[in-house]
Amino acid sequence: MITIREDVFPNLPERLKGLEEMANNMWWSWHPAARNLYKALNRIAWKESGHNPVRMLREFPRSLCETAMRNPEYLALYDRVLDQFHREKDSEDHCFSENFSGLCGEAVAFFSAEYALHHSLPFYAGGLGFLAGDYLKECSDLKVPLVAIGFMYPEGYVHQRIREDGWQESMDEVLDRDAASISRVLKNSGEQLVVRIPFMDPPIYVAVWKVAVGRIPLYLMDTDIEINDPWNRKISCRLYIGGLEERLRQEIVLGIGGAEVLNTLGIHQTVVHLNEGHPAFALLELIRQRMERGMTQEEAFRSVRSTSIFTTHTPVPAGHDVFPFHLMEKYFSRYWPALGMDHDSFMRLGMHPEQPAEGFNMTVLALRLTDFHNAVSRRHGEVTRRMWQSLWPELPVEQAPIDHITNGIHVPTWIEPKMELLFNRYLGKDWLAEHDQEEVWKKIADIPDSELWQTHYWLKVKLINTIREQIRRRWVRDRIHSSLVLAGGTLLDPYVLTLGFARRFATYKRADLIFHSLERLKKTLGNRWRPVQIIFAGKAHPDDDAGKQVLQRIFNAARDPELYGRIAFVEDYGEQTAQYMVHGVDVWLNNPLPPMEASGTSGMKAALNGVPHLSIPDGWWLEGWNGHNGWTFGKEEMEGSRDQADAEDFYRILEETIVPLFYMTDAAGTPKDWVRVMKESIRSNAPRFSTRRMVKEYRDKFYRKALKNV
Ligand SMILES: *Cc1c(COP(=O)(O)O)cnc(C)c1O
């Protein structure tokens, strides 16, 4: 019933029509050879499009294609890449073929409020989105038959600008739906598919869009359509909107709407996987649908539980949505009768046994209505079992049925292409295809130290050049004050030991920790013979004034000559800046307040590229650190305030261990002992903290079991 219209680019000659087809599938984003096909047509057009082939092709003159058409090398590459694209995308088999031969396209439905696939698709805020985006890509690579559900967020992208007083301002960018790899899902009649959310009054409708992620379809819901009344049109306008009621309405659309979209698309027989609690209402709707199809209430609950997986992502209490009962009544009083429930039995589904009066808790709902649940690192597993133990009062804490599967990163996405070429030379040509096998990485030892160092140094120069170019443009375009130009990274020096700190400015991440000992900071940065510089980047949530104050403090330090011009703050942190930073700094710094970092993933991206991690013992690093592959500072557990102690420990390890190691070079300028840490960082972390290892764990621990109950 559903067909997808592909965009038409009139200027593309027939011989190169595959470029259009490939532009409409995010597959290009993690295959450098595919990206090179666009880049090779014209470097300037590629750059100006923001590395977005759809935008590039829309404006591309036919005359420029002629050169490529006459170039046999280009055409050979084109044919090879297109052939690989079709082989991977169209192959019919999937990872469950042996055990579940009857399964067709969709075995698992994945729900998430955000997806970070590429900066041209602004459907993310931070780590949760990157995790989900990387997950879809890896499911495509591993042929996991999965369909994903999310939101469109037409006003999704919030750009960050720093004012002259160091205060963060936001600038919204409206998504141009026609200049990204997104298509409308159409009905046979040619109109876009629009789905009504069951039981909501006044009615709420969503238009359905699709992003192809290799083999994986990602369906996105958009409430910004005329048929909705104005308040409802705004539901999906941006991520995690302000007030509680808006938030509730958003989660109703994500969960109930998402389940209804699947139903309309004819996708019924699936396992359901919830990425965090936001989409947990989907479980209610799946129960309702089963009852409508004739199951008893008890059968429907059992059926949904035994086929559903819930992954919880944060130990920060504010990260778990709790809605007041009066709001739940307002939206669900027509809904609970359809589940055969009354007010009290319905509300009990979301009540925390220890704080029943607090409201309707989405994590409690998700834990109650799924048989499979997990946290995202070993430590986070312990913390999560303690947090939710009261849901299983008969069991001791350590037996609370919450497993853990440690997060990972999608290696083809986060490996820098030049580093990939180096690995191709020394790890064997199949290393990428087998990158979760530990043996593959032993050959890292064969890379000559100087070659690894030269590659890294080149990436560091590239990072610094990119930062300078970004701030030069701001200076020219917006006439910003010259002190902002300096703070933005003009003074960075590629010879200097460079630390990177980039993440959301949530308070628990303690971005300003190292400013606790200002004198010590000055001494270290200003060391005449062995200086240190630090590059910061990150956004505070638009409603988070505390986060903005932290940011302001750091920004003002960046333009304070007392700190020797050794601190830079790079505006508008997003996927692109993250790529440059995790590839190009020397050390990746992470100092959250333990145990608040459930996992963290940016350090994994750095480690894969030979940038060692310097971190507080928290999240993934408790599993990752082996004593030789980076550094740990601060204690795991501590009573009371710990900022001062952690900051002092940071300076101790920086001055005593890291700085001397970095500046000790051989006659040719290679810091051999440093390179040993780089190699160990890659060898030990790359296979284990990959999304490939992670998807395989979900597949083998959860999906296979749950599929038996479908
Ligand atoms: C990887 C990534 C994150 C998540 O990093 P954490 O270590 O979990 O904070 C956030 N933002 C961007 C742009 C990223 O690339």
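The legends below describe several close-up views of a predicted model. Because the model is predicted, local features are taken at pLDDT of at least 70 and side-chain atom pairs at pLDDT 80 or more, whereas totals for chains, interfaces and linings use all residues. Residues are numbered from 1 along each chain as its sequence is written, and side-chain values use heavy atoms, with hydrogens and water left out.

**View 1. The shell around the ligand.**
The ligand is surrounded by 13 residues, a residue being counted as near when one of its heavy atoms lies within 4 Å of the molecule. The closest of them are F130, K509, T601, S602 and K605. By residue class the shell divides into 4 nonpolar, 5 polar and 4 charged, where Ala, Val, Leu, Ile, Met, Phe, Trp, Tyr, Cys and Pro count as nonpolar, Asp, Glu, Lys and Arg as charged, and the others, Gly among them, as polar. At least two shell residues are supplied by each of helix 7 (127–141), helix 22 (575–584) and helix 23 (602–608); helices (H or I, at least four residues) and strands (E, at least two) are DSSP runs numbered from the N terminus.

For K605, the distance from a polar side-chain atom to an oxygen atom of the ligand is 2.6 Å. On its own the ligand has 390 Å² of accessible area, of which the protein covers 94%; such areas come from the Shrake-Rupley method with a 1.4 Å probe, and for residues only the protein chains shown count as cover.

**View 2. Two nonpolar cores.**
In soluble globular proteins, nonpolar side chains tend to be buried together. A nonpolar core is here a set of buried Ala, Val, Leu, Ile, Met, Phe, Trp, Tyr and Cys residues joined through side-chain atoms within 4.5 Å, with buried meaning under 20% relative accessible area, exposed over 50% and partly exposed in between (1.4 Å probe, protein chains only). The largest such core has 137 residues, and those with the most contacts inside it are L19, L146, F281, L284, F332, F346 and Y703. Helix 9 (residues 244–264) gives the largest share of this core, 8 residues. Domain 1 (3–90) and domain 2 (108–407 + 695–707) both contribute residues, so this core lies between them; the domain bounds come from an automatic or database domain assignment. Apart from it lies another core, of 91 residues, which includes A116, I415, I471 and I534.

S681 is placed in helix 26 (residues 672–685) and is buried, with a relative accessible area of 0%. Its side chain reaches the backbone oxygen of A607 at 3.2 Å. K672, also placed in helix 26, counts as partly exposed at 42% relative accessibility.

**View 3. Two cis peptide bonds.**
The peptide bond from D201 to P202 is cis, with omega near 0°, and P202 is located in the loop between strand 7 (194–196) and strand 8 (205–213). A cis peptide bond, with omega near 0°, also runs from P594 to P595, where P595 belongs to the loop between strand 19 (587–590) and helix 23.

**View 4. Two tyrosines with positive phi.**
Y153, a residue other than glycine, has a positive phi near 50°; Y153 lies in the loop between strand 3 (146–151) and strand 4 (157–162) and is buried, with a relative accessible area of 1%. Y564 has a positive phi of about 65°, although it is not a glycine. The loop that holds Y564 runs between helix 21 (545–558) and strand 18 (567–570), and at 48% relative accessibility Y564 counts as partly exposed.

**View 5. Separations in sequence and in space.**
G127, which belongs to helix 7, is partly exposed with a relative accessible area of 40%. From C-alpha to C-alpha, G127 and T314 are 11 Å apart in space, while 187 residues separate them in sequence. H31, in the loop between helix 1 (18–23) and helix 2 (32–41), counts as buried at 12% relative accessibility; H31 and A537 are 506 residues apart in sequence and 27 Å apart in space, C-alpha to C-alpha.

Terms used:
Polar contact = N/O pair within 3.5 Å; in protein donor to acceptor, adjacent residues only side chain to side chain.
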